[in-house]
Amino acid sequence: MQINLNNSDRLEIELLSRGAANYIYDCNLLVSLKTSNSALTQEVWVDGYEFKCFLEDLEKLQSTLNGEALITSESPGELLILVKSVDTSGHFALQVELGRQIFIGPEPFWSKVSNAFPLETAFLDEVCKEFITSFADIKNA
């Protein structure tokens, strides 16, 4: 799945594998966030049930134009994707955080890319459809 957020910013998500055959649990994703200022690609694990709920929440957000949809990685701080309504006039926000913890000697440090993008109602439809179509197997499991 690829979403071009504007001329220079892009979010890509690929489902690499699932925890076990025919189970919804544990989805291994390859997530890339590329902006005009930075780029990071990270392999993350998300809970399959939470991913399914995220997709269902996107459908609700798309139909009611109110609320939010949120997914985070199983390991804290590696992934956050939030799509939410910010007012009653059809303005939405997409927030993406992607990071990895690295150790330098015994000290932990974070390398992160974080950005927020405005979405109008028509573009929200595109984003929701892209997620739901690309990950239909998870949503329908």
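**Reading the fold of a predicted chain**

Mentor: In this predicted model, helix α1, residues 48-64, lies across β5, β6 and β7 and runs at about 160° to β5. Helix α2, residues 121-134, packs on the sheet as well, where it touches β6, β7 and β8, and its direction makes about 125° with that of β8.

Trainee: What makes β5 and β8 the edge strands?

Mentor: The open sheet has four strands in the order β5-β6-β7-β8, with antiparallel pairing. Strands β5 (68-72) and β8 (107-120) each pair on one side only, and that is what marks them as edges. From one strand to the next, the twist averages 10°.

Trainee: How do you know that β6 and β7 pair?

Mentor: Two strands count as paired if there are at least two bridges between them; β6 (residues 79-85) and β7 (residues 91-104) have seven bridges, in the antiparallel sense, so by that cut-off they are a pair. Within this pairing, Leu79 stands opposite Leu98 in β7.

Trainee: Why does the radius of gyration of the chain agree with that of a compact globule?

Mentor: A compact globule of 141 residues would have a radius of gyration near 14 Å, and the chain has 15 Å, so the value agrees with the rule. Along the principal axes, the C-alpha atoms fill a box of roughly 50 × 40 × 20 Å.

Trainee: What share of the residues is called buried?

Mentor: A residue is called buried if its relative accessible area is under 20%, and 38% of the 141 residues count as buried.

Key:
Residues numbered from 1 in each chain as written. Predicted model: local features only at pLDDT ≥ 70, side-chain atom pairs only at ≥ 80, totals over all residues. Heavy atoms only, no water. Helix = DSSP H or I, 4+ residues; strand = E, 2+ residues; numbered from the N terminus. Axes fitted to C-alpha atoms, helices over the stretch in contact; angles between N-to-C directions. Contact = heavy atoms within 4.5 Å. Rg over C-alpha atoms; globule rule 2.2 N^0.38 Å. Buried < 20%, exposed > 50% of the residue type's maximum accessible area, 1.4 Å probe, protein only.
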